[in-house]
Amino acid sequence: MANYWLYGVIALILSVVIIGWLTGLAHSKNWFLPAVRPRDEHRAPVPRIGGIGLLTAFLLTLGIVAIFSPSALHFTAGKFWGVDRNLAGMILALIILGTVN
């Protein structure tokens, strides 16, 4: 049986590390730092890069699960390019939404 709690902890740790690293990098390089508007609660610019870190952590966790426990990624009998149909749809939607937004 798949250990889903372990995968959740891996995703949490990866997202915290990646978002922290990306936020520090964005501050040091002045990337993704919009100007502070009067309606904003914060006083200093806050980088808008967290979604990239979350998507990266999610995809890395999927890769780790696919390597160490591929049976945990089979939810239905339907396949799309050799991947579970539901999982492929979710990955495709995340990539499209991440690109558009």
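**Notes on side-chain contacts**

1. Asp-40 is buried, at a relative accessible area of 16%, where buried means under 20%, exposed over 50% and partly exposed in between, with a 1.4 Å probe and protein chains only. Asp-40 is placed in the loop between α1 and α2 (50–68); helices here are DSSP runs of H or I with at least four residues, numbered from the N terminus.

2. The model is predicted, and local features need pLDDT of at least 70, side-chain atom pairs count only at pLDDT 80 or more, while totals for chains, interfaces and linings use all residues. Residues are numbered from 1 along each chain as its sequence is written, and side-chain values use heavy atoms, with hydrogens and water left out.

3. A search of the whole structure gives one salt bridge (a side-chain nitrogen of Lys or Arg within 4 Å of a carboxyl oxygen of Asp or Glu). The partners are the side chains of Asp-40 and Arg-37, at 3.0 Å from N to O; Arg-37 is partly exposed at 35% relative accessibility. The side chain of Asp-40 also reaches the backbone nitrogen of Arg-37, at 3.0 Å.

4. The structure holds one aromatic pair. The ring centres of Tyr-4 and Tyr-7 are 6.1 Å apart and the planes stand at 80°, so the pair is edge-to-face (rings of Phe, Tyr and Trp, the last by its six-membered ring, pair with centres within 6.5 Å; planes under 30 degrees apart are stacked, over 60 edge-to-face and the rest tilted).

5. Tyr-4 and Tyr-7 are three residues apart in helix α1 (residues 4–29), which means that about one helical turn separates them. Tyr-4 is partly exposed at 48% relative accessibility, whereas Tyr-7 is buried at 15%.

How values were computed:
Helices (H or I, at least four residues) and strands (E, at least two) are DSSP runs, numbered from the N terminus. A polar contact is a pair of N or O atoms within 3.5 Å; within protein, one must be able to donate a hydrogen and the other to accept it, and residues adjacent in sequence count only if both atoms are side-chain atoms.
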